[in-house]
Amino acid sequence: MGAADSAISVSGLSKVYRIRSSSKHRPTRATEAIVHRLRHPFEKVEYEDFHALEDVDFEIPFGEAVGIIGRNGAGKSTLLKILTRITAPTTGRIELGGRVGSLLEVGTGFHPELTGRENIFLNGSLLGMRRAEIVRRFDEIVAFSGVEKFLDTPVKRYSSGMYVRLAFSVAAHLETEILAIDEVLAVGDAEFRNKSLAKMRDVAKDGRTVLYVSHQMATVTALCTSAIFLSAGRLVHSGTVDDVLQLYRDSFETVAETTAVAARRPGTGELRTSDVRVADTVFGSTEDKVIEIDVPANAESIGSYFISCHINDDNGVLVTKCDSRLVEAWFDPEQEQRVRLTVAGLWFTPGRYTVDVFLCRMGILDAWEAAASFEVLPELPYPESMNDEAIQGSLVLSNFTYERSGS
Amino acid sequence: MSRMVITPPGRLNLPRWRELWDAREVAYRFGQRDVILRYRQTAVGIVWVLLQPLVAAGIFSIVFGNLAGLPTDGVPYFLFSYIGMLAWNLFNGLVSRASGSLVANQALVAKVFFPRMLVPISSLFAVLLDFGVALVLGVVLLVVYGVNPGWGVLLMPVWLVCLLMFALGISLAASAWMVKYRDVTYVIPWLLQVGLYATPIAYSLSAVPEAFRWLFYANPLAWLVELFRASMLGTTPSEAWLAPAAVAASVVVLFLGVLVFQSREREFADLI
């Protein structure tokens, strides 16, 4: 095996969470556990296994920036947590060619009462830097963050922008051979974001290794040299960024197939949506989007429920959430419901969209991801036709005007 | 460059001492944070440290010394109970701070990796600072009362370390259990309160009727307090076996605490 010269080599990695079967309550207090045990001395505790990761193998050479991509719940964050040793694997073996630094969430480990200077030391040491290392990079960290003037001010008095910049700067100056990043590059203003991206690219150029988890396909394309695609805890593909992104986009269809079977969907199953239809499979950008949802009756289900409908774009980004509670629409489970949802007043960018339908009361009764999909035509709702660059990067379009004021 | 290998946790996890030592900065920074935060927005600051043992010793001398007239082996009662409170506050402070430390820092435990054991260990700094300040006042009291502890005082650091080991062992186990069962949060203050009276702080072991004395001798904390006080006041410990037994108990309790902590360490992030 060429494991000796790779930055990360993972073989047979699984992570199983044991969840106590939902029918029985789980004691969180010792007294409760004891009382329960006394009452039911011979009861066997039943567990359900949830496989967050299953038999994952891969190898990453030094100097690579790897994007980890997958839908929500695919196991991306679990993988990072195991690689950074926050949580332990259930089976498998991982070899790391050096220290792993993590930027899992900007600002964890910052204490609001401490000054900027004190926080740099506290946070730096938490991220695994030695004191000499922090002292050496101190000026660089401060310069990168741009908060020189406020070093001796408690960070609780910082603006949120300054806070985030300082936190990111500490993490960005880690000298570990491997750096794991979870979504954090999406912070700060555009200028700081570009600065951070450039910094991360330099890290990879230095021959170190970057692992990057994100939903933002644009940053993955900009930063990563290769990618890994996870789905339902399994590694589906590892290869070039383009290939993986294509697979990711295609995966929305596979999800639609698996969730079409009601019994396989998450949720208590007290009620199951039987059908979700879009009036047209193709809409114009400004047209009203009409979605019809059918829910059969269940006389045993007590209490009205609400519907939450999510519309996601091609990259899995949630564009809008239509929660029926907001418009005071509650539904009676004892009757069959044929619901018509109209989304008006939102200009979609051209592309494919998927619709997730959730039935909820106290918890989730039915979660049907990718229940339906529609396409928005590439005709822009503006008087002038321009090339794509004019709208590139915007999540939605808006009805705007420019007027010259004055003479 | 050494290669780091991650495997599923085994049954018996001994801490990786090297890693613990490399990350000592974390404990130091945590400790510093605790100390800074405690006095940053207080009006009288460090005076609080002195006030607590002084008032406690004062009340003890009125209630137990004057009203109940408990014997103190010939030492002025106020001094006797102050020195006892010194030892007790060290134990009490460490256990009550360290046992809740993991849960108090749950955001960190769930999101960043560092040797978890450093969190409870970092409580040592604040506790030792309190002890140091209170000890200075204790020395002043010794001079004022004209008590000369003699050479026996050289043993005091030994009992100090033993007390810390004993308290840390209990704290490590308690903090690890607290991650799973929050009941520990309620049990600890209650046990500590009971412990204050069950341990000869306000009275000496010789005041306990013969018939019950074995009960007090069953409490290792009583041995440690007795030894600590004897070394500070220049008295002789009531039994000769106390010294070796106290050292052994401290080492065993610390070791067990480390084992309990380590066996649960790797599931903290999933449970907390």
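**View 1. Hairpin of β17(A) and β18(A).** Three residues lie between β17(A) and β18(A), which form a hairpin. This is a predicted model, in which local features need pLDDT of at least 70, side-chain atom pairs count only at pLDDT 80 or more, and totals for chains, interfaces and linings use all residues. Residues are numbered from 1 along each chain as its sequence is written, while chains are lettered from A and ligands numbered from 1 in the order in which they are written. Strands (E, at least two residues) and helices (H or I, at least four) are DSSP runs, numbered from the N terminus. β17(A) and strand β18 (residues 364-376) of chain A run antiparallel, joined by nine bridges; two strands pair if DSSP finds at least two bridges between them. R352(A) has E375(A) in β18(A) as its bridge partner.

**View 2. Pairing of β13(A) with β17(A).** Strand β13 (residues 306-313) of chain A runs antiparallel to β17(A), with eight bridges between them. Opposite I307(A) stands L359(A) in β17(A).

**View 3. Burial of β17(A).** Strand β17 (residues 351-360) of chain A is largely enclosed by the rest of the structure, because seven of its 10 residues are buried. A residue is buried if 20 or more other C-beta atoms, placed from the backbone, lie within 10 Å of its own.

**View 4. Setting in chain A.** Chain A has eight helices and 19 strands. Of its 407 residues, 36% count as buried. The C-alpha trace of chain A spans about 85 × 70 × 50 Å along its principal axes.

How values were computed
A residue is buried if 20 or more other C-beta atoms lie within 10 Å of its own, exposed if 12 or fewer, and partly exposed in between; C-beta atoms are placed from the backbone.
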